2 protein chains.
Amino acid sequence: MTSFAIVGHTATTDGTFSLNDLSGGAGRMDVLCRCVNASLFLSHSLRRDSECFLILQGKPGAPRTICFSGSSIRSLNPDERSPAALIKKALALPCGSEFRNAADGVAVRKSSLSRLLSEGAFAVLDENGTDIRKTDALPSAFLLSDHLSFTPEEEDLLAGCPRFSVGPSVLHAEHAILILLNEIDRRAAGWK
Amino acid sequence: MTSFAIVGHTATTDGTFSLNDLSGGAGRMDVLCRCVNASLFLSHSLRRDSECFLILQGKPGAPRTICFSGSSIRSLNPDERSPAALIKKALALPCGSEFRNAADGVAVRKSSLSRLLSEGAFAVLDENGTDIRKTDALPSAFLLSDHLSFTPEEEDLLAGCPRFSVGPSVLHAEHAILILLNEIDRRAAGWK
């Protein structure tokens, strides 16, 4: 299982957002949608061994964590609107501190980044980290930020996490996810 | 300069398509939009040395070729709707067989895949091709297909093109573009 988690600093937690304004009114929800699809899609199939956590920190009900599980997801298409519609469904569901299914392969809970970090050993994507091609053992869980940098408070939470870089250029979160998955695919197939 | 060209087999050439239905009514225009953004975006900046050609083969005015030039593009955002709005603008412009500017960094002409192939040495992305990491000299122009395979007629046009693979998994076109650019970035920065 490979896990990705993305902090959406401005992503709304109001499920009434418009699918026609993901980048504006929904607080750059477009970034998170592309990360979901980067984590789960192959050509004409899905990565059943991947999962993607979105940590939504926008108003009015932050924090919410939404998990997309490749093992059980259905009804996901590769355009931005498709995961966005599932996020709307998850946000419309009353939830507590434990995951509750909003749709096949989509679950939601009230919880923050610190909770997720306490549940797994996440590595951080960082342009100053170790080159992923140069490490013998790649981690299986990666944390990324959206279009904004991690806040100082978040960086405090991440102080003990290993840091990896996917290359010399600073990329969008979803692009970094794809390069990580390519490296993981290559190692699994003996292509390294 | 790195060039990408993507064949949109069903992508509409009617500029009145809805930005709210890119994957349906616009003939999987969402795929082409993601390819444009994969070709041109870095985090918080643009790849000024990349260009992306879209070959639109849908009704009613096919073929049209639209070129997005990283060197001169403006007003491009990383969500799918942003390049789609520029494609609408380009398709609304009367054009002939030579490129005509529709917006900064966006040009359109009436022309087909065979014309583009006659103008440059394109390599084809193909899961059975040579591993990009294993070749000493990477090409600078790459041709990809959208969600559909190349047709037999297109394959005839591509018979002499070198073929490269980005990894063991079969990926969406925009994902393959990102992995190619990562390899190109690494080589340029001495990271290989």
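Leaving aside neighbours within four places in sequence, B:Leu178 is in contact with A:His175, A:Leu178, A:Ile179 and B:Ala38. The model is predicted.

**B:Leu178 and its surroundings**

- B:Leu178 counts as buried because 29 C-beta neighbours lie inside 10 Å, where 20 or more are required.
- Between the C-alpha atoms of B:Leu178 and B:Asn37 the separation is 9.7 Å, although 141 residues part them along the chain.

**Contact between the chains**

- Chain A brings 27 residues into contact with 27 residues of chain B.
- Sorted by class, the side of chain A that touches chain B holds 12 nonpolar, nine polar and six charged residues.
- The same surface serves both copies, since 100% of the contact residues of chain A recur in chain B.

**The sheet in chain B**

- Eight strands of chain B form an open sheet with mixed pairing, in the order S6-S7-S5-S4-S1-S9-S8-S10.
- At the edges stand strand S6 (100-103) and strand S10 (163-165) of chain B; each has a single partner strand, so one side of each is left without a neighbour in the sheet.
- From one strand to the next, the twist averages 35 degrees.
- Strand S8 (residues 123-131) and strand S9 (residues 141-145) of chain B run parallel and are joined by two bridges.
- B:Ala123 has B:Phe142 as its bridge partner in S9(B).
- Helix H1 (residues 29-40) of chain B packs on the sheet, where it touches strand S1 (2-8), strand S4 (50-56) and strand S5 (64-69) of chain B. The direction of H1 in chain B makes about 165 degrees with that of S4(B).

**Antiparallel pairs in chain A**

- Four bridges pair strand S5 (residues 64-69) of chain A with strand S7 (residues 106-109) of chain A in the antiparallel sense.
- A:Thr65 has A:Arg109 as its bridge partner in S7(A).
- Strand S6 (residues 100-103) of chain A also runs antiparallel to S7(A), with three bridges between them.
- A:Val106 in S7(A) stands opposite A:Ala103.
- The hairpin of S6(A) and S7(A) has two residues between the strands, and A:Gly105 there takes a positive phi near 75 degrees.

**Chain A overall**

- Chain A contains five helices and 10 strands.
- The radius of gyration of chain A is 16 Å, close to the 16 Å that the globule rule gives for 192 residues, so chain A is as compact as a globular protein of that length.
- Taken along the principal axes, the C-alpha atoms of chain A fill a box of roughly 45 × 40 × 30 Å.
- Of the 192 residues in chain A, 51% are buried.
- Among contacts in chain A between residues at least 6 apart in sequence, 64% join residues at least 24 apart.

Conventions. Residues numbered from 1 in each chain as written. Chains lettered and ligands numbered in written order. Predicted model: local features only at pLDDT ≥ 70, side-chain atom pairs only at ≥ 80, totals over all residues. Contact = placed C-beta atoms within 7 Å. Nonpolar A, V, L, I, M, F, W, Y, C, P; charged D, E, K, R; others polar. Pairing = 2+ DSSP bridges. Axes fitted to C-alpha atoms, helices over the stretch in contact; angles between N-to-C directions. Buried ≥ 20, exposed ≤ 12 C-beta atoms within 10 Å, placed from the backbone. Rg over C-alpha atoms; globule rule 2.2 N^0.38 Å.
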